[in-house]
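This report describes strands, charged pairs and a few single residues. Please look over the sequence and the model before reading on.

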Amino acid sequence: MKKLTALMLAALMLAALIFAFSSCGELESPPAYMPAVRYENVPLENLTLMIQWGSGPADGGGPAFGMTAGEALKANADGIPYAVIGDGDLKIVNGSDKNARFDTKFEGVFTKDGELTDHKESDLSSLPSGKYVVAFSVTKQMKDRDEEYYVFTGIEK
C-alpha cells in the first residue's frame, strides 16, 4: 500500500511539473532581425541613414531628411561597406520583430558613383560584373513611434 501511494504521489508530482513548465511564461519568440540585402541568405553589411522619425506627423529629421536615395548615397558614399559576391541568390529581405512592423521599398541599384542604373529588384541575382550599391527604404512602425531609413548595401561582383 505504501509503494502504491508513493508511486501515485510521484506520478502526480511529475504531472504537475510538466504542466508548470508547459503553461508558465511566454513562449520563446523568433529572433528579431532588420531588413537587409542578403546573399545566399546571409545579411550583408550596410549603411543605414535615418530619414525621419515621429510619433505622429514627422517629429524629427535624420541625416537623410529631405534627400532622395540617390542624393543621400552621393553624400555618404565613403561610408558604404562593400561585399564581394558571386552569382548566387541576392535579394532584399524584410525584417521581423514582434514589437515592430517593417515595410521596405526598393529604391534602385546605383553605380559606386551614385548614378541610378536600369536594374530592377528582380535583376539583383543576375547583375553583371561591377561595383554597385543596392538601395531600399524602410518604414519601421512601432506602437508609439514610426521611423524611416535608407539602407545602402555595396556589392562587388
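Which side chain meets that of Lys91 in a salt bridge? The partner is Asp89, at 3.7 Å from N to O. A salt bridge here is a side-chain nitrogen of Lys or Arg within 4 Å of a carboxyl oxygen of Asp or Glu.

The model is predicted: local features need pLDDT of at least 70 and side-chain atom pairs count only at pLDDT 80 or more, while totals for chains, interfaces and linings use all residues. Residues are numbered from 1 along each chain as its sequence is written, and side-chain values use heavy atoms, with hydrogens and water left out.

**Salt bridges**

Side chains of opposite charge can pair when their charged atoms come close. Six salt bridges are found in a search of the whole structure. The table gives three of them, including the pair named above.

| Pair | Distance, N to O |
|---|---|
| Lys74 and Glu115 | 3.3 Å |
| Lys91 and Asp89 | 3.7 Å |
| Glu147 and Arg145 | 2.7 Å |

The salt bridge between Lys74 and Glu115 links distant parts of the chain, 41 residues apart. Lys74 is in helix H2, and Glu115 is in the loop between strand S7 (100–111) and strand S8 (131–142). Helices (H or I, at least four residues) and strands (E, at least two) are DSSP runs, numbered from the N terminus.

Accessibility is described with three words: buried means under 20% relative accessible area, exposed over 50%, and partly exposed in between (1.4 Å probe, protein chains only). Lys74 has a relative accessible area of 46%, so it is partly exposed. Glu115 is partly exposed because its value is 43%.

**Arg38 and its sheet**

Arg38 belongs to strand S1. Arg38 is buried yet has no salt bridge, and the nearest side chain of opposite charge, that of Asp89, is 9.5 Å away. For this search Lys and Arg count as positive and Asp and Glu as negative; His and the chain ends are not counted. The side chain of Arg38 does reach the backbone oxygen of Asn41, at 3.0 Å. Leaving aside neighbours within four places in sequence, the residues in contact with Arg38 (heavy atoms within 4.5 Å) include Asp89, Leu90 and Lys91.

Strand S1 is part of an open sheet of three strands in the order S2-S1-S6, with antiparallel pairing. Strand S2 (42–43) and strand S6 (90–93) are the edge strands, each pairing on one side only. Two strands pair if DSSP finds at least two bridges between them. Between S1 (residues 36–39) and S6 there are four bridges, and Val37 stands opposite Ile92 in S6.

**Strand S3**

What encloses strand S3 (residues 47–54)? Six of its eight residues are buried, so S3 is largely enclosed by the rest of the structure. S3 runs antiparallel to strand S9 (residues 146–156), joined by seven bridges, and Gly54 stands opposite Asp146 in S9. S3 also pairs with strand S4 (residues 60–61) in the antiparallel sense, over two bridges. Here Trp53 stands opposite Gly60.

**Ala77**

Ala77 lies in the loop between helix H2 (69–75) and strand S5 (82–84). Its relative accessible area is 27%, so Ala77 is partly exposed. The C-alpha atoms of Ala77 and Gly154 are separated by 9.6 Å, although these residues are 77 apart along the chain.

How values were computed
Polar contact = N/O pair within 3.5 Å; in protein donor to acceptor, adjacent residues only side chain to side chain.
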